Amino acid sequence: QVQILESGGGLVQPGGSLRLSCATSGRAYSHYTMAWFRQPPGKARDFVGAMKRTSGVPSYGDSLKGRFAISRDNAKNTLDLQMNSLKPEDTRVYYCAVTERTLMTSDLAMNDEYEYWGQGTQVTVSS
């Protein structure tokens, strides 16, 4: 079993930055492919980005690369999401997801490919 805890959400003004962190416990961290998704009220979750367990190269959702950056901290067993130049439309609940399976790059954005999900952390971008 894998436990997931997201942190770092909050209220930020447009143009500001936030850093979210996803901490895991359970099986060895290096076995995980980890991802961030986000969900606006009443809509489906969208893919933000992911990092495979087999590589240190992140993949991003459409239009987010350049403002958002994912990184892994192996010493802390965390996957971080740095969000810059935030816009009001970035207001969502952000979720961390984990799978112990090896995914094809084309599957990283699929919600159903992840077995474990955090509770989510709210990010609100507003003046």
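**Close-up 1. The buried cysteine pair C22 and C96 in the predicted model.** C22 and C96 are both buried. A disulfide joins the two residues, with an S to S distance of 2.0 Å. The link is left-handed, at -75 degrees about the S-S bond. C22 belongs to strand β3 (residues 18-25) and C96 to strand β9 (residues 92-99), so the pair ties together parts that are 74 residues apart in sequence. The count of disulfides comes to 1.

**Close-up 2. The open sheet of 4 strands.** The strand order is β1-β3-β8-β7, and the pairing is antiparallel. The edges are taken by β1 (3-7) and β7; each has a single partner strand, so one side of each is left without a neighbour in the sheet. From one strand to the next the twist averages 15 degrees. Antiparallel strands β7 and β8 are joined by 6 bridges. A69 has Q82 in β8 as its bridge partner.

**Close-up 3. The largest nonpolar core, with 24 residues.** The members that touch the most other members are W36, F68, L81, M83 and Y94. At least two residues of this core come from each of β3, β4 (33-39), β5 (46-51), β7 (68-73), β8 (78-83), β9 and β11. A second, separate core has 8 residues, among them F37, A50, L103 and L108. In soluble globular proteins, nonpolar side chains tend to be buried together.

**Close-up 4. Strand β5 and its partners β4 and β6.** Strand β5 is mostly covered, with 5 of its 6 residues buried. Strands β4 and β5 run antiparallel and are joined by 5 bridges. Opposite M34 stands M51 in β5. The hairpin of β4 and β5 has 6 residues between the strands, and in this hairpin G42 takes a positive phi near 75 degrees. Strand β5 is also joined by 3 bridges to strand β6 (residues 58-60), and these two strands run antiparallel. Opposite A50 stands S59 in β6. A50 is also one of the residues of the second core.

**Close-up 5. R38, a buried arginine of strand β4.** R38 lies in strand β4. Its relative accessible area is 8%, and R38 is therefore buried, the cut-off being under 20%. The side chain of R38 makes a polar contact of 2.9 Å with the side chain of D90. Leaving aside neighbours within four places in sequence, R38 is in contact with A44, R45, D46, V48, L64, F68, D90, R92, V93 and Y94. Of these contacts, F68 and Y94 are also among the residues that touch the most other members of the largest core.

**Close-up 6. Strand β9 and its pairing with β4, β10 and β11.** Strand β9 is mostly covered: 7 of its 8 residues are buried. With β4, strand β9 pairs in the antiparallel sense over 7 bridges. M34 stands opposite V98 in β9, and V98 in turn stands opposite Y116 in β10. Strands β9 and β10 (residues 116-117) run antiparallel and are joined by 2 bridges. The pairing of β9 with β11 is antiparallel as well, over 3 bridges. Here Y94 has T121 in β11 as its bridge partner.

Close-up 7. With a relative accessible area of 11%, T121 is buried, because the value falls under 20%. T121 and G9 are 112 residues apart in sequence, yet their C-alpha atoms are 5.4 Å apart in space. A polar atom of the T121 side chain lies 3.3 Å from the backbone nitrogen of G9.

Terms used: Residues are numbered from 1 along each chain as its sequence is written. This is a predicted model: local features need pLDDT of at least 70, side-chain atom pairs count only at pLDDT 80 or more; totals for chains, interfaces and linings use all residues. Side-chain values use heavy atoms; hydrogens and water are left out. Buried means under 20% relative accessible area, exposed over 50%, partly exposed in between (1.4 Å probe, protein chains only). A polar contact is a pair of N or O atoms within 3.5 Å; within protein, one must be able to donate a hydrogen and the other to accept it, and residues adjacent in sequence count only if both atoms are side-chain atoms. A disulfide is a pair of cysteine sulfur atoms within 2.5 Å. A nonpolar core is a set of buried Ala, Val, Leu, Ile, Met, Phe, Trp, Tyr and Cys residues joined through side-chain atoms within 4.5 Å. Two strands pair if DSSP finds at least two bridges between them. Contact means heavy atoms within 4.5 Å. Axes are lines fitted to C-alpha atoms, for helices over the stretch in contact, and angles run from 0 to 180 degrees between N-to-C directions.
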